Amino acid sequence: MSPTLLISKELPQLTYQSSRDRFDNSWQEPLSTLLGLGRAAGADFLEIFLERVNYISSLAEEDAITSISPRLSTGAGIRIFKGKADCYVSTNDVSFIGLKTALEKGLSILGLSLPSPNAYIPEINLELLRDYAATKDKELWLPNCSSIEETGKVLLDANHKLAQKASHIQSRRAMYFRDWQEILVAASDGTFARDIRLTQSVGYSLFCADGTHRASMSKRFGDTSDPYFLRQWDYETAAESVAESAGKMLYADFVESGNYPIVMANEFGGVIFHEACGHLLETTQIEHKTTPFMEKKGEKIAHENLTAWDEGRSDKAFGTVDMDDEGMPTQRTLLIENGILKNFLADRTGSLRTGHPRTGSGRRQSYAYAAASRMRNTYIAPGNYSIDDIFSSVDKGIYCKQMGGGSVGATGEFNFSVSEAYLIENGQVTKPLKGATLIGTAKDIMNEISMCSQDLGLAPGFCGSVSGSIYVTVGQPHLKVDKITVGGR
């Protein structure tokens, strides 16, 4: 029998000196006590997630900074399991009393109550703190980020450069955000881990008009782990690219609707795989029985030339984390290999309820959300074809160079707009087209992706689901879809 820390009647006399400035070893004793208290109440498993956030965003419109939005927050979430049932409570009071109050509320939801005054509270032996922030020199990230003054200057200079590069401008914007997050996870299985994360993004949004002609174009760049990211942004090259694309689309012809072969560009083209297929490989979808791939592990679900990964390790990618929000070290997960479904993405709850092994995919927007199975860096792997091979295989089709927004149904039906497209004739890219929308279902399009080139590219993105909005990476090489429905005029 494990030793005991204390008897429950002693709780009111306890005082803890946990650091208010950082999450460190001083939190081990109070969190261990709370976890033991929950176990004594009859819970099978408990997890405590602590979070501190320092966030700021800035927006430049035309030649002025029009918005600076800072946000500071600190809070905690407690998840409690009894059998396969669970509940989640959150609080912005991270004192011992505040956390104990939240724990008691969570226990009551599951029909559990705090032990009697003379009950022993079992000791939860937490591991030695796995401190990724300390071992990877992350403590200085925040002080080395660009100041508000420096950020404003960069955005104004960038917006001025965009004005020089584009014509027929109706509006131009440059936007930036920095999201610094410190987290600590403690659980009754002994998990005790800390990390600091730094996510930044900067980009352009341009709207042009000439009479009845309209064009809207945007481009976003993202990074994790580099406090000098904004200082190194090549906004002149970015402005040239956005202005050139907007200029071509301004006078483009509207696409004719029909079924076409298409070539999709690398980088953000991967958003369709992410939305239409990636979500269907999360155990959350298996729990809700909303994925057509639920019983397909080990079976062919895609073209034999398609392989896809989800991982948290790519250098500086938006979905890269050293550990997930349940304290599990990150890893690479092979989703599809040569068309065969190999793995699903599982958090702790998903693993408990579906039997699929955890993959380090438990993620959440903030302490206000319970973690759920979510993607990290998700992409279609490079193939064996050259870009020339892919284009030359198309007699008449559409080149989707840049994707826009879209929507996806619960079981994989999707439609996505194409913000920059071109006609392909006899293997050659010819005139620009606008107004294209790609329409299909995940299980169909996966079998139509027949050719992948070798130029894998990744792009930053945001993903919303049951555990809030998180940072992710989408990606793919240039690829060919043999047939898809294209909406247009």
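The structure is a predicted model, in which local features need pLDDT of at least 70 and side-chain atom pairs count only at pLDDT 80 or more, whereas totals for chains, interfaces and linings use all residues. Residues are numbered from 1 along each chain as its sequence is written, and side-chain values use heavy atoms, with hydrogens and water left out. Helices (H or I, at least four residues) and strands (E, at least two) are DSSP runs numbered from the N terminus, and two strands are taken to pair if DSSP finds at least two bridges between them.

Strand E3, spanning residues 64-82, pairs with strand E4, spanning residues 85-91, in the antiparallel sense over seven bridges. Within this pairing, Thr91 of E4 is the bridge partner of Ala76. The two strands form a hairpin with two residues between them, and Gly83 in the turn has a positive phi of about 65°. The loop between strand E2 (45-61) and E3 contains Glu62, a residue other than glycine whose phi is likewise positive, near 55°. Glu62 has a relative accessible area of 31% and is therefore partly exposed, given that buried means under 20% relative accessible area, exposed over 50%, and partly exposed in between (1.4 Å probe, protein chains only).

A positive phi is also found at Ser225, a residue other than glycine, where the value is near 80°. Ser225 is located in the loop between strand E9 (213-224) and helix H6 (235-250), and it counts as partly exposed because its relative accessibility is 27%.

Gln28 belongs to helix H1, which covers residues 28-40, and with a relative accessibility of 29% it counts as partly exposed. When its neighbours within four places in sequence are left aside, Gln28 is in contact (heavy atoms within 4.5 Å) with Leu126 and Phe192. Gln28 and Ala186 are separated by 158 residues in sequence, while their C-alpha atoms lie 8.2 Å apart in space.

Six strands form an open sheet of mixed pairing, in the order E14-E13-E12-E17-E24-E23. Strand E14 (340-341) and strand E23 (457-465) stand at the edges, each with a single partner strand, so that one side of each is left without a neighbour in the sheet. Inside this order, strand E17 (residues 377-380) and strand E24 (residues 468-476) pair in the parallel sense over three bridges, and Val474 in E24 is the bridge partner of Thr378. In general, strands of a sheet pair through backbone hydrogen bonds, either parallel or antiparallel.
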